[in-house]
Amino acid sequence: MIYQFSFRYFSQKFTKPIITNHGVWEIRESIIICLIDEKYHITWGEISPISWFGSETIEQALDFCRQLPQTITTEIIFAIPDNLPACQFAFESALAVNLTHEGGFRLCSRDFQSPGAYSGLLPAGKSALNQWSNLWEQGYKTFKWKIGVNEINQELEIFDLLISSLPTSAKLRLDANGGLTYQQAKLWLKKCDQFLPKIEFIEQPLSVDKFTAMQELSKLYLTPIALDESIANLHQLESCFQQGWRGIFVIKPGIFGSPSRLREFCKQHQIDMVFSSVFETEIGRQASLQLASELSTNNRAVGFGINHFFQQQEANWLESLWKTF
């Protein structure tokens, strides 16, 4: 199949900066791609790298798009190298008709219409204490809070206030982004064990190079551990699985790489997955949710409750983006 190819750089400022163990993030940069097939069907894809998570940089993605011809083939798309995982995701997603120029999104088989299907992201620090109730009123039942950002005793105090204020039926995920020491992780896990099943899991407590230590911790405590940065792409996922990880896997489709290869892996192996956002637009979001609908083997909330971190886009933002160049 032959496609006409074009792309545009796109950026959005977060309503509040995202603060994690990796630092402060203020602007989401991405690339929107457009493919037009021989029947003039238009499809879209989104390249939204997170370089500190292991993907390519936005500059590398732009360089890749600039060197492509205006007419590309399916063979070119499936030959995108593994060091460009966000590009792999965007181009393969655009091959599937997730969003047409004329008309709406393709429906997913799993219901993602209700906020209860999503995990709402809370800001780091004390701000979480004021944010969760707004999301709860909107229908969110699961929340994710960043830890490993401030001094641990301060965070533990905030945690006590947060966990005691959340309704009994709420679930809380803690995300350390690999920012804890082994001793700090033990403190958090011991603390969380007191609040099961309200605590769903701790995400990536230790850095990527501490895989064996995370395996040890998963056996010492009842609170589940989820891998995130450790499995940023398919190669890392395969490696952790082969080394015996049978806990939770957090998949960020937007930077994970080839959707078709992820599907193939999931056909061969039953794994406990949580699909999560990379702060993409509706284009990447819908492609990611389509994968979540196909591949999720449980009813865990997907980590896409992040819309409150952006101003709402105009309905014609996509058309405007193409006209401005």
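User: Which residues count as positive and which as negative here?

Analyst: Lys and Arg count as positive, Asp and Glu as negative; His and the chain ends are left out. Each charge is placed at NZ of Lys, CZ of Arg, CG of Asp or CD of Glu. In this protein the mean positions of the 28 positive and 34 negative charges are 5 Å apart. This is a predicted model: local features need pLDDT of at least 70, side-chain atom pairs count only at pLDDT 80 or more, and totals for chains, interfaces and linings use all residues. Residues are numbered from 1 along each chain as its sequence is written, and side-chain values use heavy atoms, without hydrogens and water.

User: How many helices and strands are there?

Analyst: Both are DSSP runs, numbered from the N terminus: helices are H or I of at least four residues, strands E of at least two. The protein has 12 helices and 12 strands.

User: What share of the residues is buried?

Analyst: Buried means under 20% relative accessible area, exposed over 50%, partly exposed in between (1.4 Å probe, protein chains only). Buried residues make up 55% of the 325.

User: Which residues of helix H8 are buried?

Analyst: H8 covers residues 234-242, and Leu234, Leu237, Cys240 and Phe241 are buried there. The arc is taken from the directions between helix axis and C-beta atoms. Down the axis of H8, the buried residues fall within an arc of 130°, so they line one face of the helix. The face turned away carries exposed His235 and Gln242.

User: What do the buried residues of H8 pack against?

Analyst: Contact means heavy atoms within 4.5 Å. Their partners include helix H7 (211-220), strand S10 (248-251) and helix H10 (259-268).
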